[in-house]
Amino acid sequence: MSAPPPLVHVEGAALAFRGRPALRGLDLTVQAGTTLALLGPNGAGKSSLIRLLAGRLAPDGGRVRVLGGDPHADRAVRGRIGYVPQEIALYPRLSVAENLDVFARLAGLGRGARRAAVEAVVGRCALEEVARRPVGTLSGGYQRRANIAASLLAAPDLILLDEPTQGVDLDARAAIHAVLGSLRAAGAGVIVSTHDFSEAERLADRVAVLSDGRLRLAGDLAALMRPLAAAPPEHEAVLEGVPDSAAQAALREAGFAPEAGDPRLWRADHGAAGGLDGAALLATLRGRGVPAGEIRVRRPGLETLYRDALNGSAGAAA
Ligand SMILES: Nc1ncnc2c1ncn2[C@@H]1O[C@H](COP(=O)(O)OP(=O)(O)OP(=O)(O)O)[C@@H](O)[C@H]1O
């Protein structure tokens, strides 16, 4: 018997909007049963990739295969994919259960199957308490869970979620994490875009970092994180003002570099300032005229890998 196809196989995917490239030749393979976190700055191409995988868009170049087929051309493949867009795509005046019934009908489920499917996803997403309430009257967190529930009605083999926890409180976030954990435990593939490193570390077994329409890093999360366990702590200087040129020179001398887009946040590459005493460093920087508010020390983690990948210093994809 031949091996099942990978969940996702993307080769050289290119996509442009009005001539402006959003994806510039992206390769990505994801095996069945994987939870992949997609990371990248605003405009990196995460949503574009998710929409290609969902079959909502076709690539301008390259090839996109999901579950062995073409998600754009093949309706049967799309039927095995659950897609949760960033925006809430539900009818605000209908109750959660009514919305889910509409979407189950659109997914082609018969009457009996519809009722069972709605009940199953209401349970899985812990929506029992609000099932009879109009979606428009619910909190953002519940609306997001209802949005996710709608994508699960046809028991998909792959669920694509575009920033599912953006703007929700901690309880709603935990509830959404529980839903994703249960999908993973049931063997479904999950691809989730996020800006939240702790979320990615908690949920994913693989990560992919995109920027400017290109894949900068992809690999097994545990394998990528392993070398960091022995790495010295990182130092982050949070400044009270924008440093003048002398203060900038002092920061650079101490191994710090400015964080892109924020002149008040400087970071020392992991290792560069390792072994230094944060309080002593702060005193030294202040002595040199750096308006340093605090020096934070923290263990390198996924955020370190992410920054290295964006700075081009990451190793080859694992
Ligand atoms: N419908 C569209 N029309 C025109 N340009 C678009 C459209 N969708 C995306 N783009 C552009 O394509 C590029 C990639 O955007 P995309 O939404 O995929 O990034 P993203 O990584 O998901 O960003 P974010 O984290 O902000 O959601 C950006 O330059 C964006 O402006």
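Q: At what angle do the axes of H3 and H5 cross, and within what distance do they come?
A: The axes cross at roughly 25° and come within 9 Å. Axes are lines fitted to C-alpha atoms, for helices over the stretch in contact, and angles run from 0 to 180 degrees between N-to-C directions. Helices (H or I, at least four residues) and strands (E, at least two) are DSSP runs, numbered from the N terminus. This is a predicted model: local features need pLDDT of at least 70, side-chain atom pairs count only at pLDDT 80 or more, and totals for chains, interfaces and linings use all residues. Residues are numbered from 1 along each chain as its sequence is written.

Q: Why is H3 called roughly parallel to H5?
A: Angles under 35 degrees count as roughly parallel, over 145 as roughly antiparallel, 65 to 115 as roughly perpendicular and the rest as oblique. The axes cross at roughly 25°, so H3 is roughly parallel to H5.

Q: Which residues of H3 and H5 meet?
A: Val96, Asn99, Leu100 and Phe103 in H3 meet Ala146, Ala149 and Ala150 in H5. In contact means that the C-beta atoms, placed from the backbone, lie within 7 Å. By class, this contact of H3 with H5 has six nonpolar residues, one polar and no charged. Ala, Val, Leu, Ile, Met, Phe, Trp, Tyr, Cys and Pro count as nonpolar, Asp, Glu, Lys and Arg as charged, and the others, Gly among them, as polar.

Q: What makes H3 oblique to H4?
A: Helix H3 (residues 96–106) and helix H4 (residues 111–124) pack at about 125°, with axes 9 Å apart. That angle therefore makes H3 oblique to H4. Ala97, Leu100, Asp101, Ala104 and Arg105 in H3 meet Arg114, Ala117, Val118, Val121 and Val122 in H4. The contact of H3 with H4 has seven nonpolar, no polar and three charged residues.

Q: Why is H5 called roughly parallel to H6?
A: Helix H5 (residues 140–151) and helix H6 (residues 170–185) pack at an angle of about 15°, with their axes 9 Å apart. So H5 is roughly parallel to H6. Here Gly141, Arg144, Arg145 and Ile148 in H5 meet Asp171, Ala172, Ala175, Ile176 and Val179 in H6. That contact of H5 with H6 has five nonpolar, one polar and three charged residues.

Q: How do you know which residues are around the ligand?
A: A residue is near a molecule if its C-beta atom, placed from the backbone, lies within 6 Å of it. The residues around the ligand are Phe17, Ala22, Gly40, Asn42, Gly43, Ala44, Gly45, Lys46, Ser47 and Ser48. The shell divides into three nonpolar, six polar and one charged. Helix H1 (residues 46–53) gives the largest share, three residues.

Definitions and conventions. Two residues are in contact if their C-beta atoms, placed from the backbone, lie within 7 Å.
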